[in-house]
Amino acid sequence: MGYLALEDGTVLRGRLFGADRPAVGEVVFTTAVVGYPQALTDPSYKGQILVFTHPLIGNYGVSEDQMESDGITVEGVVVFENTRPSHYRSVMSLDEWLKANGVPGISRVDTRHLVIKLREHGVMMGAIGNDDPERLLEAIRRSPRYDEVDYVRAVSTRRVIEYGEGRTCIGVVDCGVKKSIVRELLKRGAKVRLVPCLDWEKAFECDAVLFSNGPGNPKLLSALTEAVWTAVEYRLPIMGICLGHQVVSMALGAEVYKLKYGHRATNKPVRDVALTGKVYITTHNHGYAVRFPNTARGVRVWAVQPDDGTIEGIYHERYPIITAQFHPEASPGPWDTRWLFDKFLKVVERGRVQ
Amino acid sequence: MIKSVLVLGSGAIKVAEAAEFDYSGSQALKAFREEGIGTVLMNPNVATIQTSKVLADRVYFLPLSPEFAELVIERERPDAIVCGFGGQTALSLCVELNDRGVLDRYGVEVLGTPIEGIRTALSRDRFRKAMEKAGIPMPPSVAARDPEGALEAALSMGFPVMVRVSFNLGGAGAFVAYSREELQSRIYKAFAQSSIKEVLVEKYLDGWKEVEFEVVRDAHGNKAAVVCMENVDPMGIHTGDSIVVAPCQTLTDEEYQWGRVLSMGVADAIGLVGEGNVQLAVNYGGPEQYVIETNPRMSRSSALASKASGYPLAYIAAKLALGYRLDEVVNQVTRRTVAAFEPSLDYIVVKHPRWENDRFGIREGLGPEMMSIGEVMGIGRTLEEAWQKAIRMLDIGEPGLVGGRMYQSASKERALEALRGREPYWPIYAARAMELGVTVDEIHSITKVDRFFLNAIKRVVDLYMALRSNGQREDLIEEALVLGFTRDQISEIIGNSNTSRMPAIKRIDTLAGEWEASTNYLYMSYGGEYDDVVPGTDFLVVGAGVFRIGVSVEFDWSTVNMALSLKRRGYRVAILNYNPETVSTDWDLVDRLYFDEISLERIVDIFVKEGGPTVILYAGGQIGQRLYTLLEQRGVRIGGTRARSVDVGESRNSFSAFLDELGIPQPEWYYAKDMGEAIKLAESMGYPVLVRPSYVLGGTYMAVAYNEAQLVDFLRRAAIVGERYPVVVSRYMPWGIEAEIDAVSDGRALVATPIEHVEPPGVHSGDSTMVLPPRKLTRSQLGKMLEITHVIARELEVKGPLNVQFIVADDVYVVEANLRVSRSMPLVSKATGVNYMDLVADVLTEERLKVDDDLVVLTPGRWWVKSPQFSWSRLRGAYPRLGPVMYSTGEVASFSSDFHDALLKSWLSATPNRIPRRNALVYTYDDAYKKDIEKVRSALGYLDVMDPESVGMDRLIDALKGGRIDIVITAGDTPDMDYRIRRISADTSTPLVLHPSLAMELAEAFRKGLKMHVEPW
């Protein structure tokens, strides 16, 4: 028996599982049905309590190959049911995995009701625990707000790491990069140089720079806009994914705003309005988005989310810059837009030959 | 610019082609109408909703043959044709129209997937080559064009092999062969089921998972994999006979995405435009996946997927066929987001098939050939809740996975035997076996069903056992509700549960709550505490539930028309139903759809939560009848006829007494409480007698006994007879004319239409050929029938529909009366041009029929004939027969100014009927029919008429297997003598006529010939 409390005073009952400790975080939901191991290890969820809208989570257990970082990154997990796994690759259950990572979970919560609440109210801070709900609410009040914490520091690599042997080197500015972004680059024969977020200069020895995904409020990363401009000066091709897209956009004059309850799903359409006119089904995980004032020069939007018009990707008329607010690396989610890495690497290779 | 389009329907309901095509066709018609495009529909299925003038501009009730289609095209000159909304029937017809040059000749454009793509998808060999070219993996296989080739392929591949058939339906003819002998004994049937005489011999992927993706693709190549559905039964059992869950539950993201990529690759390779499904085999112990097959059209799965996800596949497919881009079509549920997305489900659905194998005497287990007759879909927030709901929805008397009669009566050995034999309803046996100590692993090794699913059953069993030992614990009761036990069932297990917990109303919105939805597609669940909606309904129309023999699309027609008639009068209407195939479970139709159980408990829940709407029970057929009294006792307001009147109609005793009181004749009948009494009664009445046990073993609900030996044999074999289980013995009157009256009454006035049967009494009315207006009944006989119907309606204060069945012989006898809609009401409404449900709505909302006279008789101006559709070829091993028990799965109708022309068009609309050109096999082993069969022989004298004696049984069987017999006409019920003849006729799709009365009329119709003249309704 335990509770999920929200900052507006809502208290929902449920059953605790996973680690026996309380958690506080921003409560967000994902509508992705498959891919919970990837989601729970995605560094972009740092500082957040993740609600799964699909009621059965844990069905195929957990295995190493499905991890997006070295461990669980979310603060807490909310599901309707944590299930008993059955899969030939599974090494442990969701419950065991949460315990091993010290992360609490709560099940049997009316997650649909919770999602509608978040949709109507917008995301809220929340807490999971078996304490008196009043004390949980107190814990929420005492904890810093999600938007004010610089989570990137906590998830970024502490030292430079190199992967692969390829001739083309991609410097990844790690704001909380998902392993699958590195995997997609390696798969295409690139060498990857992962550098700490604030040591971004170390990426510039490479042929191109990729600003990665990551957690938290992009406004706290305004220092990184300098990195973008430096890369532009060096004539380095730039790719930005998710938080990286926001950082690059800020450098090019965009304004960042917070979405009411974010885009966290693996089923969202993105329309390519510049290159092919095609529609792709993509993975999203962002609580912020960007918009450009009319004064932003040379910026072109190439990808748009047709439901609410959110900008999902930009390129530049003069500089080799391409970004995606969505996740072309997928994991979890559809592989429809992995070609973006091909496109980027082609640009990089062309530049390298020159 | 396209101004008019021809839509092909799927014809009669048969195994593997059911109401899902009424749903998809209706959606397509709606989508075209929105665009201002005129629609012409060709479909002889008179019971469907699509064949009403509301949806299509013109309707043709004609056989779906290239000859008739050409006549329709010639007359209507449509700009385009759509092939993907009428199942395999429509798809094959389209290909044939194309190949005969008809489409070119009249300049008819094919909308949606091009013919070449369809051909590639349907031919096993071409499909395999196309996949090879696209680099999509398929299981090792070889195409064969004759039995020798098939054997050679199997030998080179090694047994076991799966034999699949090209251009077929629902896996017809497919089988798994473990040996050379097995292959040889069944291969002729496989070839008989393929219109292009091609089979595929494939490596059998024993135990692999089977999943299916529903893919939409527009003409610009944009795609979405709308739903992933996973079969609980592994490869080797036809999807139609599998329990299916959505969304896919046991695939990792990597597996899911790889399957999605392959499915989209298939869609690209065949140039799909619209919607199609792709079936995949997924290794349970490794990363391999194979593409098995694709349907480049709307299918049963796509209807299920639409209902499972809230994504209206058929509607969107129709828009895509017109050239729209996926992101130009709006999501009909949110009305704000676009159709280019993949629904996220915040619930689980379980589809469960319903079989009628007992009725047909089928002993074989489930396999690659579909046999189920209907299906249900349970929705819940746990797998167990959805699954247990589904089991109850099957209406087989089981209260869930545990505790029912089937469950209790099985020993451990029996349960294991059922699991080994892959018998229908195996989950109940699995549950029973678990209670009796069999482990999940053991059941997994027998069934190869993934442990994930078996664990769900285990959880239910464990809880059931816990409830029995410490029942009153509140946490256990709460857990039981969340795992899908009903309050009634819990009370039964633990005594009184006294729980005040109510299920929550949840909405299906395609996006898991992420966006606000404007439609009200609802279900109820204990997996939540908060309702998504507030009260707001005036009427709750209860649907027909699961389809079974005797309950099919006709009751969906009445449900839908009832609801729409009320809605047109300005009321807020909700429908309660749970059959995913149907139009009534289209959430777009009325104000609210409750996709949930039709049970006392659930109707009360909805009644309370909706603030007391009037509940309409008689529109869905029989399922509502037994709830009248119970609901009335619980204070639920029921519209129309009162419970006590319905009960009179339902109870044999009180109805009989009621008739006696009014001096209305009825066939003599009595109760017998033991064998001796039954024999004595039969003797005093005189043989033949009709016997109806109240406790049936197996599937024989009724039988005719011509002598004492037959009576004793039937009662020993098929029934329990005793003080508590009396058997009804009634006088059997297989002479005279069988007739019925469909009517609506307001308790005073009556609007009625009489119908006559071609077959005499003794053939179930659902299996007989109907004609209206009556041909043979005299004016005075008709007058008497109408008078009796009127008296019954008045005396029972009927406020709504009723149907009275008669035997007209030396007198007019009443056989039964049902105070509800009947199977024939769609036919009657279409033939007379008056929608009977509209009349019922008048009675419900204004308490009177708007007629001037007390008795209004509506009769059509032309001859309308309805013919039954049997599915003998699909019901493996069943003996094709006619009798007091119904066997047909569907019906078709046509009309003409000439009776025999109407009969022929109607009869030809049912498959596999064809006009015999060369010969006919005409015989009977039943002396009672000898004379009539002799008459048929001479009526068909212009053909080469054969019988088994003159030809010799072996030569005859060879000729049948070789497809060299044009028609088989027989009579009587003599399986000992002619099982093989009838069975092989069915297996080879040879037309079968099982009654001389029909045969005589058909002979006359053959002689007159078909009028090649078509007319819209």
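**Domains, interfaces and a helix**

In chain B, the domain assignment, whose bounds come from an automatic or database source, gives domain 1 (4–111), domain 2 (140–204), domain 3 (668–731), domain 4 (737–861) and domain 5 (869–1008). The model is predicted: local features need pLDDT of at least 70, side-chain atom pairs count only at pLDDT 80 or more, and totals for chains, interfaces and linings use all residues. Residues are numbered from 1 along each chain as its sequence is written, while chains are lettered from A and ligands numbered from 1 in the order in which they are written.

The centres of domain 1 of chain B and domain 2 of chain B, taken over C-alpha atoms, are 32 Å apart.

Chain A is assigned domain 1 (2–147) and domain 2 (152–353), with C-alpha centres 27 Å apart. Here 24 residues of domain 1 of chain A are in contact with 25 residues of domain 2 of chain A (C-beta atoms, placed from the backbone, within 7 Å). On the domain 1 side, strand 3 (23–30) of chain A gives the most, with 3 residues.

Between the chains, 40 residues of chain A are in contact with 45 residues of chain B. Helix 3 of chain A supplies the largest share of the chain A side, 6 residues; helices (H or I, at least four residues) and strands (E, at least two) are DSSP runs, numbered from the N terminus.

In chain B, helix 20 (residues 553–568) has 16 residues. Of these 16 residues, 14 are buried (20 or more other C-beta atoms within 10 Å of the residue's own, all placed from the backbone). Just after helix 20 of chain B, B:G570 takes a positive phi of about 95 degrees.

Notes
Two residues are in contact if their C-beta atoms, placed from the backbone, lie within 7 Å. The expected span of a helix is 1.5 Å times one less than its number of residues. A residue is buried if 20 or more other C-beta atoms lie within 10 Å of its own, exposed if 12 or fewer, and partly exposed in between; C-beta atoms are placed from the backbone.
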